[in-house]
Each structure stands twice: as C-alpha cells, then as structure tokens.
Amino acid sequence: MQGSTVRKDFVIGIIATLVAMSVFYFYDRSAQKKIAAKAKIEAEESLENVQAESAALPAAAVTSGEKTLAKPMGTSLGEPAKPEDNQQVYKNFSEHLKTIGTCLEIKNSVDSDKVDPTFDNLVVSLRPALGEVVVQMDDWTQRDLRNNEGERKRLRTEINYQSNDNQPLKHLQIYKVNEQGMPELQTADPEQSLNPTDAYIDSLRAGFETSLEEKGGRAYYQEGEELVMIERNGKLESISLSKGGKTVSCSGLDSLKSNCQCL
C-alpha cells in the first residue's frame, strides 16, 4: 500500500513537471512573439522615418565635398529674419566677418558695424586677403511656389559639370508639395528635363508666386581657396571657407540665430 502511494506521488510529480514545462514553453514562445512583433513595428517606423527624410531632401541646403546638396527644410538655424529684424541681422553678420578673419588668420575688411549678409559684401570683405574671385558656379537652384488656391510646388535644377563635352548639364525636377509639406516628384516634359529653356520654366511658374528661392554654389580664388555658399532669397544663409588648414563655417546668416564655427 505504501509502495502504491509512492508510485502515485511519483507519477503526480512527473505530470506536474510536464505541466510546468509546458507553461514555461508557451509563455516563452508568447514573449518571443511579442518581442518580435515589437521589433518589427520599430523597424517599420524606422524605415518610414528614413523614407520621409529622403523624400524631404530637396529643400534647404548643406555643403558636402565638391558640391552643395539639399537638406530638409526647417533644419537651418533659423527662418529668414523679418524686415523689422534686419538691423540686428546686419550687426550679427558684421561680427561674423570679424570671426572669419580671426579664424583663418587673414586681414579681411570690416568697415561697418552693420553689414547686409550678401555674397557681394562677403567678397568685398575678403578681397584684401584673398583677392578677386576667379571662378563662380551654381550647383543647384530651388524655387518654392504657391498660388491663390493654396496649391504648392517646387522647381529644382541640379547642374552637372562633369559631362563628356565639358558643358554643364542642367537637370530639372518638379515637385508637388502636399498638405504635410512633403515634396512629391512629378513627371516633367522629357524634352525639357535636361537643359530646360527659360520659357519652359516661366510656363511652370505661371499663376504662382514665389514663397522661397534658394541656390547653392561655389566660388574659387586665385590661390585655390574654395568658398561654398547657400543663398536664400538673395541673402547668404550659410558659407564654408578654408585656408591654411583652418575652416570657418557659418549657418543661419540671414536669420536671428546665426552662428559660426572655427575648425
């Protein structure tokens, strides 16, 4: 009788162990599924973010290597200043010109405590130290348009200077800007996508007002110094200039949040 009880307890113990193992097995499987599902959601969200950032690329600009490239709008240090803030912008730019001279260890000209942040004024300031600009070229242009109905679109041209016949090639891209502010690439006339005529560009602008105009380009001096610049609505937005192993980079020059760094 006692042996039967021991065997019964032994069988019950085995069954309890099997039940416990099954519970842990299915719990672990469930946890793994939850982890996998969470990872999948995070991966999809990450992909969506990358795709959104990629779609937003044709906007403002940054500099990179041999040419200026586009960057998402809103990543500049500040939006263009309002007319009533121009005097402070001019004062800030005058101080930045001094910073450029100190960083690069050059004697540039700063003849006023308030200087309009334009390319021409920058060239005048650098002339005593670097001389005249010998080559100037555009890398891209971009124009944001809006009509009375609220429809928005973006015209962008990118210029390639490495063509086989050494003639620059201008590529046109047309975007529709949706309600979320994201650009959507549109189909352009195949015959006008490469080296579009001024007449074709004007036809695309018909009925629209320009809300933002930008361009990125470079200028070279006689000793080989390269000035990379971004202009926004006719004002300098950012610049990068190197000389003697030093580089000065400035951003938001047309805003109240301008900044320069010496590297």
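Analyst: Contact here means heavy atoms within 4.5 Å. The model is a predicted one.

User: Which residues does D254 touch, not counting residues up to four places away in sequence?

Analyst: D254 touches E79, P80, A81, V89, P117, R232, K235, L236 and E237. D254 itself lies in the loop between β10 and β11 (259-262).

User: Is D254 buried or exposed?

Analyst: A residue is called buried under 20% relative accessible area. D254 has a relative accessible area of 6%, so it is buried.

User: What is L126 in contact with, leaving aside its neighbours within four places in sequence?

Analyst: The contacts of L126 beyond those neighbours are I100, I106, N108, G131, Y221 and L241.

User: How does one look for pockets, and what volume has the largest pocket?

Analyst: Rolling a probe the size of a water molecule over the atoms shows where empty space is left. In this model, the largest pocket has a volume of about 430 Å³. Its lining comprises 20 residues, and T141, Q142, R143, T157 and E213 lie nearest its centre.

User: Which elements supply the lining of the largest pocket, and how is that lining made up by class?

Analyst: At least two lining residues come from each of β3 (133-146), β4 (152-160), α4 (198-205), β7 and β8. The largest share, four residues, is that of β3. By class, the lining has ten charged, six polar and four nonpolar residues.

User: Finally, how many bridges join β9 to β10, and how many pair β10 with β11?

Analyst: Strand pairing is read from the bridges and their sense. β9 and β10 run antiparallel and are joined by six bridges, with K243 having K246 in β10 as its bridge partner. These two strands form a hairpin with two residues between them, and G244 in the turn has a positive phi of about 60°. β10 also pairs with β11 in the antiparallel sense, over four bridges; there, the bridge partner of V248 is C262 in β11.

Conventions
Residues are numbered from 1 along each chain as its sequence is written. This is a predicted model: local features need pLDDT of at least 70, side-chain atom pairs count only at pLDDT 80 or more; totals for chains, interfaces and linings use all residues. Side-chain values use heavy atoms; hydrogens and water are left out. Buried means under 20% relative accessible area, exposed over 50%, partly exposed in between (1.4 Å probe, protein chains only). On a 1 Å grid over the protein atoms alone, a cavity is a set of points where a 1.4 Å probe fits but cannot get out, and a pocket is an open set with protein on both sides within 12 Å along at least five of seven lines; lining residues have an atom within 4 Å of a point. Grid points are joined across faces, edges and corners, and a volume is the space filled by probe spheres set on the points. Ala, Val, Leu, Ile, Met, Phe, Trp, Tyr, Cys and Pro count as nonpolar, Asp, Glu, Lys and Arg as charged, and the others, Gly among them, as polar. Two strands pair if DSSP finds at least two bridges between them.
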